[in-house]
Amino acid sequence: MDPPLRSNGSASRPLVQAPPRGAGRSRVAGRVDRVLNTALGGERAAVLNATAAELLAEPVPVARIFHGALKRAEVGLLGHLMVQDMLRRSTLYEDLVNALASPNPVTRAAAARICAAARMTDAVIWIGDLVQDPSPRVRDAAVRALAELGGRRAVEILMAGAGKIPQYRLAIALAQAASDLDIEALMRQPETEEAAVATVLACGLRRDALRLVPLLGIAHDRRWPKQVRKAACKALAAIGDPSAADALGRLAENDPDAAVKVAADRAHRRLVKRAVAR
């Protein structure tokens, strides 16, 4: 493996005060829902009559409303732009981004969640800084937010955190955030062993049948680190294509590495069981 090539990519961040613990949270969520539907319905003057502090006081239902509205099949890039224009007209966009640098970790985590759900791609760099946050809650929120936002920059930030982000969490985030082109590039030239393991596991989580041959190649190639080969076996089992069973069976019988043999045997058994069940 080549040594990792990294840059901190950080920049000075704005500050914002922590939101008060106000009441009327369900009313705020209802307002968000109504105004989002109005904006997405084509009303270019729609304004959300709420403060950033009110939204941040209830991040789960507010984020759920944004996510649900923007994932609808009829809402494309234009819909995302309309929602962001509405947030700017409502003087909320900048305040939500500023909240990512709040001294209150609860606010930082809430802001990451809402910015991601609202598809505020300008916030990616600030959310990326939170991957190094001293609060575990904020770090987890940042990784989840980057996964939801996706895109090349989000993937780069996630992979720069390989070795610091828990492996299972990194693989899940990568499976969600990366495009097929991103996965292909990462498989060709991973920067670290941790990055390679996460990429391979992400292929399994995506049920990416197009990676069947490359994953079999990794599993059989002894030049790859043991952990990467084991991960490839797990990914092949997760993809579940019975055509990989024979190659995994041979690996389980002949590989000199005991740990790889065990991983290959488990994957082989799983694929055979699935084939019989069909």
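This is a predicted model: local features need pLDDT of at least 70, side-chain atom pairs count only at pLDDT 80 or more; totals for chains, interfaces and linings use all residues.
Biologist: What makes you confident in the protein chain, and how is it scored?

Modeller: The chain averages a pLDDT of 88. At least 70 is the score reached by 91% of the residues. That score is the predictor's confidence in each residue, from 0 to 100.

Biologist: Where does pLDDT stay under 50?

Modeller: It stays under 50 over residues 1-25. The model still has 50 contacts beyond four places in sequence for that stretch.

Biologist: How many helices and strands does the protein chain have?

Modeller: The chain has 16 helices and 0 strands. Its C-alpha atoms fill a box of roughly 65 × 40 × 30 Å, taken along the principal axes.

Biologist: What share of the contacts in the protein chain comes from residues 24 or more positions apart?

Modeller: The share is 70%, counted among contacts with a separation of 6 or more.

Biologist: Why is Ala-112 called buried?

Modeller: Set the value against the cut-off. Buried means under 20% relative accessible area. Ala-112 has 0% relative accessibility, so Ala-112 counts as buried. Across the 278 residues of the chain, 50% count as buried.

Biologist: Where is Ala-112 found, and what does Ala-112 touch?

Modeller: Ala-112 is found in helix α6, residues 105-117. Leaving out residues up to four places away in sequence, Ala-112 touches Leu-100, Ile-127, Leu-130, Ala-141 and Ala-145. A contact needs heavy atoms within 4.5 Å.

Biologist: How far apart are Ala-112 and Gly-204?

Modeller: They are 92 residues apart in sequence. In space the distance is 27 Å, C-alpha to C-alpha.

Biologist: Which helix gives the largest share of the lining of the second largest pocket?

Modeller: Helix α6 does, with 7 residues. Helices α3 (59-70), α6 and α8 (136-149) each supply at least two residues of that lining. The pocket has a volume of about 400 Å³. Of its 18 lining residues, the closest to its centre are Pro-59, Val-60, Ala-63, Arg-113 and Arg-144.

Biologist: How do the residues of that lining divide into nonpolar, polar and charged?

Modeller: The lining has 11 nonpolar, 1 polar and 6 charged residues. Arg counts as charged, and Arg-113 and Arg-144 are among the residues closest to the centre.

Biologist: Buried or exposed: what is Ala-198?

Modeller: Ala-198 has a relative accessible area of 0%, so Ala-198 is buried. Ala-198 is found in helix α12. Beyond four places in sequence, Ala-198 touches Leu-170, Ala-171 and Leu-174. The C-alpha atoms of Ala-198 and Ala-173 are separated by 9.4 Å, and these residues are 25 apart along the chain.

Biologist: Why is Arg-89 called partly exposed?

Modeller: Partly exposed lies between the two cut-offs, under 20% for buried and over 50% for exposed. Arg-89 has a relative accessible area of 33%, so Arg-89 is partly exposed. Arg-89 is found in helix α4. Not counting residues up to four places away in sequence, Arg-89 touches Glu-43, Arg-44, Ala-45, Ala-46 and Val-47.

Biologist: Why does Thr-91 count as exposed?

Modeller: Exposed means over 50%. Thr-91 has 56% relative accessibility, so Thr-91 counts as exposed. Thr-91 is found in the loop between α4 (77-89) and α5 (93-98).

Biologist: What is the phi of Thr-91?

Modeller: Thr-91 has a positive phi of about 55°, although it is not a glycine. Most residues other than glycine have a negative phi. Arg-207 also has a positive phi, near 50°. Arg-207 lies in the loop between α12 (193-205) and α13 (212-220).

Biologist: How do you know that Cys-203 is in no disulfide?

Modeller: A search of the whole structure finds 0 disulfides. For Cys-203, the nearest cysteine sulfur is that of Cys-233, 14 Å away. A disulfide needs the sulfur atoms within 2.5 Å. Cys-233 is in no disulfide either, with the sulfur of Cys-203 as its nearest.

Biologist: Why are Cys-203 and Cys-233 called buried?

Modeller: Cys-203 is at 0% relative accessibility, so Cys-203 counts as buried. Cys-233 is at 0% too, so Cys-233 counts as buried.

How values were computed
Residues are numbered from 1 along each chain as its sequence is written. Side-chain values use heavy atoms; hydrogens and water are left out. Helices (H or I, at least four residues) and strands (E, at least two) are DSSP runs, numbered from the N terminus. Buried means under 20% relative accessible area, exposed over 50%, partly exposed in between (1.4 Å probe, protein chains only). On a 1 Å grid over the protein atoms alone, a cavity is a set of points where a 1.4 Å probe fits but cannot get out, and a pocket is an open set with protein on both sides within 12 Å along at least five of seven lines; lining residues have an atom within 4 Å of a point. Grid points are joined across faces, edges and corners, and a volume is the space filled by probe spheres set on the points.
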